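Here is a set of questions and answers about one structure. Each answer sets a value against a definition.

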Amino acid sequence: MSIVKTSEEFSSRRKVRYGTGSESKPLTPSTTNASLSPHKTHYGKDQDGQEAYFIDFNIGDFDFKEITIRTEGRRLIVTGKSKLAQTAEEFSREFKRDFTLPANVDQYSIAAQLDEETRQLMLIGKVVHEPENVQKQTYNSTTSAEYASSSFSAKIGSIKENNTGKSFDYEIFLGNDLKDGQTTIEITGYNVLVVRVIKNDWDRNGDFSHELKRQIKLPAGANPQNIEHGIDKRTATLLVKVPAK
């Protein structure tokens, strides 16, 4: 029998406590399987016949509801935590597994499936492909392809401005390190637009992050309400559209 959940269902941490009168769980060697068992990765077809990337490992006697899954950029982080009661004492246990997703796997599509008999946890991510013939799209009279070629020499944080009459548009170059980052935008009391982009990452030495903070003095005719923004990953730019009054 298998249990299937999507990554959204792991958004909050779950804790399980076995109190007085409930069945206790002994600490067994399989408790450590989740952190020590080797993992396997491969490409294949999911249950819908779509191309997918698979990671599987044994979680020992952890319950499926004790597992938390989250992504941070290309990192896929799996943790398990629970408390166990043995007679009058209470023990806690936990594990953490950290994986790096390939560039062609959608980090927002991760689903998990548990085989209750073998205790193998399967993590499944959809494979995405870049279209072979990407049509050129114009933005402020500059094609994405042209901007992409010129952006290799652009400085991170540099801005291209354009006033369309209906809005003030800004292109902020992020570079490859920040194009998958999280964006926040706020307006200060002096009508200054403050843009922050943060990308958390990791390597064998530990966690690190890339961060960009950029201030833009808005013109007098700008309306700081209903600002739109989004990242164009092909050109590694943050596009900000500020309505005109």
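Buried means under 20% relative accessible area, exposed means over 50%, and partly exposed is in between (1.4 Å probe, protein chains only). This is a predicted model, in which local features need pLDDT of at least 70 and side-chain atom pairs count only at pLDDT 80 or more, while totals for chains, interfaces and linings use all residues. Residues are numbered from 1 along each chain as its sequence is written, and side-chain values use heavy atoms, with hydrogens and water left out.

Q: Why is Tyr-53 called buried?
A: Tyr-53 has a relative accessible area of 10%. The limit for buried is under 20%, so Tyr-53 is buried.

Q: What makes Tyr-43 count as partly exposed?
A: Its relative accessibility is 45%.

Q: Why is the aromatic pair of Tyr-43 and Tyr-53 called tilted?
A: Rings of Phe, Tyr and Trp (its six-membered ring) pair if their centres lie within 6.5 Å; planes under 30 degrees apart count as stacked, over 60 as edge-to-face and the rest as tilted. By this rule the count comes to four aromatic pairs. For Tyr-43 and Tyr-53 the centres are 5.0 Å apart and the planes are at 55 degrees, which makes the pair tilted.

Q: Which strands does this pair link?
A: Tyr-43 is in strand β2 (residues 40-45) and Tyr-53 in strand β3 (residues 51-58), 10 residues apart. Strands (E, at least two residues) are DSSP runs, numbered from the N terminus.

Q: What makes Phe-57 and Phe-99 a tilted pair?
A: Their ring centres are 5.8 Å apart, with 40 degrees between the planes. Phe-57 lies in strand β3 and Phe-99 in strand β6 (residues 89-100), so the pair ties together parts that are 42 residues apart in sequence. Phe-57 is buried at 0% relative accessibility, and Phe-99 is buried at 6%.

Q: How do you know that Arg-93 lies over the face of Phe-62?
A: A charge sits over a ring if NZ of Lys or CZ of Arg is within 6 Å of the ring centre and within 35 degrees of the ring normal. Arg-93 is at 3.9 Å from the ring centre of Phe-62. Arg-97 lies over the face of Phe-57, at 4.5 Å from the ring centre.

Q: Why is Glu-66 called buried?
A: Glu-66 has a relative accessible area of 1%, so Glu-66 is buried. This residue lies in the loop between β3 and β4 (67-72).

Technical notes. Helix = DSSP H or I, 4+ residues; strand = E, 2+ residues; numbered from the N terminus.
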